[in-house]
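The sequence and structure are shown first.

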Protein chains: 2
Amino acid sequence: MSRIPLPSLKRLPRYLNVLESFQSYGTDTISATDIAEELDLKPIQIRKDMAFTGIVGKPKVGYDVGALIKAIRDFIGWNDISPAVLIGAGSLGTALMRYEGFAKRNLNIVAAFDKDQNRNSDGRSSTPVYPMERLPAIVAEHEIEIAILTVPPAAAQEVTDQLVKLGIRAIWNFSSAEIQVPPHVVVRREDLSEGLAVLCVQLHELDETREKK
Amino acid sequence: MSRIPLPSLKRLPRYLNVLESFQSYGTDTISATDIAEELDLKPIQIRKDMAFTGIVGKPKVGYDVGALIKAIRDFIGWNDISPAVLIGAGSLGTALMRYEGFAKRNLNIVAAFDKDQNRNSDGRSSTPVYPMERLPAIVAEHEIEIAILTVPPAAAQEVTDQLVKLGIRAIWNFSSAEIQVPPHVVVRREDLSEGLAVLCVQLHELDETREKK
DNA sequence: TAGATTGTTAATCGATTAACAATC
DNA sequence: TAGATTGTTAATCGATTAACAATC
């Protein structure tokens, strides 16, 4: 099968939300039209996206909700537990440690690390916070491939280099810094200012269309 | 001028990061090639994007760094202060209150609100946290148009309806819930599971290309 | 059976990239 | 002046949407 387009991939978690909600109400089958209505999308787009996950529906009936959930989770890799480390136990890092949504998607933050000793575990959080020195041992012990980066921008590249050396292969970069990695490592930027820019411009465009009336 | 494509708009904040970094080193002019190198993009794409902001460069010389920063910030609306409220003072909400990046982009979180009285201001944070009852007064007093939504998914729609009634015109939705708003209100979803899905699949694709060797 | 919904093939739309003339 | 870089116009690429046959 051909590789899924990035926009399609980004929609899959939204489908999952809708499906899980339908499932909790006891609905067994769902049509592309049903999902489209919930998400303000076109049914044809949902059908196209579903095809990438390998699921097949039944004409007239629709898709089996349980099977569809399984297919999407399998496709993304959310049926297997992924252990991860988090670097930078500031306020954003701490918020992510406590985020319940990760457990639902089988992302398990095994431990967090911080240069600042004051941020080390006080037992209030369920995720332990260790000094940076313990990072290599934990990564090796749990065979961790994923790192969440919530350090200040100035420290991002240095920490990235460490992570790469330890064999980390996927970095979720929440810092605004642009980090460089070798080709066998993937990076996903999660930049808040991107979303803010879109919101600001859309708000502005709203004013303009109103003024034109 | 025609409306900017969404992908171009999302790149503007990244350009800003690069430009501010160059400016701090005292660089006066910058070429599209310079920016492209920093961000792993093609120069032609930067030139196209810049055109949308209205800036003009000088052949052979490049763009004036200061003028370009101003043009981008003007275009996004980041030269004017935008007052905002934040609803839901949980760990994510608190992290956003403390996020320094917002001040740089002139987003000013005037106050946060929470149903839970225990989360009300203890003076440790610079952003006050009030009970929901005070929301209408604060929104009116500061003529607030932007709301940041960090409540649990189950409460998202109810809070959204309140916000819309109070005249809020832009909602930055950090909850995983799909919220419905009238056409004169813009919503920007900021869904972490989207980024996680992309990261997981990219990591998986990495394995596959390696195995093919 | 008749009608609704899927999945496929083709058409459209929009963003990226290429080519190149203009110019400092 | 010569060379580098911009901005514009055209070509390519990829995603969305439309049309429709297949089918439960």
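This is a predicted model: local features need pLDDT of at least 70, side-chain atom pairs count only at pLDDT 80 or more; totals for chains, interfaces and linings use all residues.

## Symmetry of the two chains

Chain B is superposed on chain A by a rotation of 180 degrees with 0.0 Å of shift along its axis, and the RMSD is 0.0 Å. This is the relation of a two-fold axis. The same surface serves both copies, since 100% of the contact residues of chain B recur in chain A.

Among the residues of chain B, Ala95(B) comes closest to the rotation axis, with its C-alpha at 3.2 Å.

## Extent of the chain interface

The size of an interface is often given as the accessible area lost when the parts come together. For chain B and chain A, the area buried between them is about 5,300 Å², of which 66% is on carbon and sulfur atoms. In chain B, the residues that lose the most area to chain A are Leu192(B), Leu196(B) and Leu199(B), which together make up 12% of what that side buries.

In terms of contacts, 57 residues of chain B are in contact with 57 residues of chain A.

## Salt bridges and contributing elements

Six salt bridges are found across the interface of chain B and chain A, while the structure holds 22 salt bridges over all chains. One salt bridge is formed by Glu205(B) and Arg3(A), whose closest N and O atoms are 3.0 Å apart. Glu205(B) belongs to helix 9 of chain B and Arg3(A) to the segment before helix 1 of chain A, so the pair joins two chains. The side chains of Arg14(B) and Glu178(A) also meet in a salt bridge, at 2.8 Å from N to O.

Several elements give two or more residues to the side of chain B that touches chain A, including helix 1 (6-24), helix 5 (91-98), strand 8 (186-189) and helix 9 (192-212) of chain B. Helix 9 of chain B supplies the largest share of this side, 16 residues. By class, the residues of the side of chain B that touches chain A divide into 31 nonpolar, eight polar and 18 charged.

## Domain contact within chain A

Chain A is divided into domain 1, residues 6-76, and domain 2, residues 82-193. The C-alpha centres of these two domains of chain A lie 31 Å apart. Their contact takes six residues from domain 1 of chain A and four residues from domain 2 of chain A.

Between them, domain 1 and domain 2 of chain A bury about 350 Å², 20% of it on carbon and sulfur atoms. On the domain 1 side, Lys10(A), Glu20(A) and Arg73(A) lose the most area to domain 2 of chain A, together 67% of what that side buries.

## Polar links between the domains

One salt bridge is found across the interface of domain 1 and domain 2 of chain A. The side chains of Glu20(A) and Arg105(A) meet in a salt bridge, with an N to O distance of 3.3 Å. Three residue pairs are in polar contact across the interface of domain 1 and domain 2 of chain A, both residues being at pLDDT 80 or more.

Helix 1 (residues 6-24) of chain A gives the largest share of the side of domain 1 that touches domain 2 of chain A, namely five residues. The residues of that side divide into two nonpolar, one polar and three charged.

Conventions. Residues are numbered from 1 along each chain as its sequence is written. Chains are lettered from A and ligands numbered from 1 in the order in which they are written. Side-chain values use heavy atoms; hydrogens and water are left out. Copies are superposed by least squares on the C-alpha atoms of residues with pLDDT of at least 70 in both. Contact means heavy atoms within 4.5 Å. Domain bounds come from an automatic or database domain assignment. Buried area is the accessible area (1.4 Å probe) that two parts lose on being put together, summed over both. A salt bridge is a side-chain nitrogen of Lys or Arg within 4 Å of a carboxyl oxygen of Asp or Glu. A polar contact is a pair of N or O atoms within 3.5 Å; within protein, one must be able to donate a hydrogen and the other to accept it, and residues adjacent in sequence count only if both atoms are side-chain atoms. Helices (H or I, at least four residues) and strands (E, at least two) are DSSP runs, numbered from the N terminus. Ala, Val, Leu, Ile, Met, Phe, Trp, Tyr, Cys and Pro count as nonpolar, Asp, Glu, Lys and Arg as charged, and the others, Gly among them, as polar.
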